[in-house]
Amino acid sequence: MKQSKRLKIYIHIPFCVRKCSYCDFLSMSVDEEIQRDYVRALVREIELSREKMEDYLIDTVFIGGGTPSILQESLIKEILSALMANSKVSDDAEITIECNPGTVTEEKLQLYKKLGINRVSIGLQSANDKELEEIGRIHNYAQFLESYHVARKCGFDNINIDLMSALPGQSEKSYQETLKKIIELNPEHISAYSLIVEEGTEMYRRVESAEAKGKTILPKEEEERKMYYLTRELLAKAGYERYEISNYAKRGYECKHNIGYWKRKDYLGFGIGAASLYQEERYNNVRDIRVYMDKLLKADIPNRNLGNNEYAVRLNQNIIKSIEENQQKLSVEEQIEEFMFLGLRMMEGVSVKGFEETFGKKYEEVYGKVSDKLMVQGLLEQSGDNVRLTEWGIDVSNYVMAEFMF
C-alpha cells in the first residue's frame, strides 16, 4: 500500500523525580513498579491503535513528559519497538526524546542512539544555580553541562536546549549570562519561553503569598520585556533563525514535530492526557493513570490468531475508545480558525494560497476585513503569498489571534 499520508506521534511519559514549582503539566513521582506497569499499558495502547496508523507513514516521534529519561533504558526500547512493529516509521523520521540533567547517563544516550532516536531536548531553563533552585529543578548547571557533552560524545548532532525567562530572582543581566553560555555551546535549537505562573502550582501559591504581603518575587513587566528582546537580539546575532514565536534554530534544524502541530498535521498521542488530532477530530486520553492502566491491562484483548476480522477490530476500537475523552469533530469554521491562530505562530505566517486550497474559500472573503484592520494597526503584514505577524503583532499575539475567531 502506498503510504502518502503522514502522521506524527507523541508519547507521554508522566514521571519526574520531583515536580518543579512552576509545572502544571501532567506529571508525577512514582516507583519503578508503576513505571513498568504504565509502559505495559502504553505498549498495549500502541498495539491496539495499529489500524489507525496503517495507512500512514510516521515522519516524527516525540517522547515527552514529565521526564522520559527517568525510565530504564529497556522501557524506552519496549515503547519504540512496539511502535516500529505496529506502524511504518519513515527511515528519516525525526525522533526526539526529552531529557533532564540528573536523569540521563552515557549508557542511556548510547541506547537511545541505537534505537533510532536522533534528536535530544534537554531541559536546562537557566544557567544560574540559584535560579534553578528557585523553580525547584533537581539539577545544577554543571550537571547540565555534563549531560550536554555526553550527548555530543554519543553522536547526537541535533540538540535542543529549553530556557526560561522572567524567573524569580532573575535579572536582565543574569538572563543575558545564561543566553551567552548557551550560545557558546552552539546547540542546533533553542526553545525560549517566558515563565507563566499557572493557577494550582506551587509557584502560584508563592506569588500570591508574596503579593499578600505587598512584595513581588518575579521580575517587573518592563524587565521581562527586556529579556524577551534580548533573546531575539542575541540569538539572531549568533545565527539562530526565529521560526516560531518561542523557538530558534540553526537553518535546517527546526523541530519538524512541533511544526506539524502549528500546521495542523494529523498526530496521535499515546499515554495519559495525550492529545490527538486525527482526521479532523480532536480528543485526549484520560488523565487518571489508574483508570488508563486498568482499561488497557484488564481489557479482554482478542487472540492475535484472529487477525483483523471484524470482531477483533471492533473490540480493539472499543478498548481504545474507553480511554479517550473530550472528542470534538471539528467543523469547517473551527478548522479555519485553527489554521489561522496556529499558523500565525510561525514567523513565515500562513499561506493565502494554502488557505484557499485547503478550504475552497477565498481568503479575502473570509478574513479580508480582519486582515485590513490589523494591517492598518501595524500588527499584521503580507509578504508575497504569506500573511504574518509583525514584531509588534508578536508582542500582542493573543489579541491578534483572537481577531480570527468567528
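**View 1. Arg 232 and Glu 391 form a salt bridge, with 2.6 Å between their closest N and O atoms.** A salt bridge here is a side-chain nitrogen of Lys or Arg within 4 Å of a carboxyl oxygen of Asp or Glu. Arg 232 sits in helix H9 and Glu 391 in helix H16 (residues 391–395), so this pair ties together parts that are 159 residues apart in sequence. Helices (H or I, at least four residues) and strands (E, at least two) are DSSP runs, numbered from the N terminus. Both partners count as partly exposed: Arg 232 at 27% relative accessibility and Glu 391 at 41%. For the cut-offs, buried is under 20% relative accessible area, exposed is over 50%, and partly exposed is in between (1.4 Å probe, protein chains only). A heads-up before going further: this is a predicted model, in which local features need pLDDT of at least 70 and side-chain atom pairs count only at pLDDT 80 or more, while totals for chains, interfaces and linings use all residues. Residues are numbered from 1 along each chain as its sequence is written, and side-chain values use heavy atoms, with hydrogens and water left out.

View 2. Glu 222 counts as exposed, at 59% relative accessibility, whereas Lys 226, at 39%, counts as partly exposed.

**View 3. Glu 338 pairs with Arg 282 in a salt bridge whose closest N and O atoms are 2.7 Å apart.** This one links distant parts of the chain, with Glu 338 in helix H13 and Arg 282 in strand E11, 56 residues apart. Are these two buried or exposed? Glu 338 and Arg 282 are both buried. They also belong to a network of salt bridges that links them with Arg 264 and Glu 280.

**View 4. Helix H13 (residues 332–343) and what covers it.** From first C-alpha to last, the 12 residues of H13 reach 16 Å, close to the 16 Å expected at 1.5 Å a residue; that expected span is 1.5 Å times one less than the number of residues. Buried residues of H13 include Ile 336, Glu 338, Phe 339, Met 340 and Leu 342. Among the elements covering the buried residues are helix H10 (256–262), strand E11 (281–285), strand E13 (350–351), H14 and H15.

**View 5. Helix H14 (residues 352–359) meets helix H15 (residues 363–376).** Their axes come within 10 Å and cross at roughly 130°, which makes H14 oblique to H15. Axes are lines fitted to C-alpha atoms, for helices over the stretch in contact, and angles run from 0 to 180 degrees between N-to-C directions. Under 35 degrees counts as roughly parallel, over 145 as roughly antiparallel, 65 to 115 as roughly perpendicular, and the rest as oblique. Val 352, Phe 355 and Glu 356 of H14 make the contact with Tyr 363, Val 366 and Tyr 367 of H15. Contact means heavy atoms within 4.5 Å.

**View 6. Val 120 in strand E4 (residues 119–125).** Val 120 is buried, with a relative accessible area of 1%. Leaving aside residues up to four places away in sequence, Val 120 touches Ile 97, Cys 99, Leu 109, Phe 156, Asn 158, Ile 159 and Asn 160.
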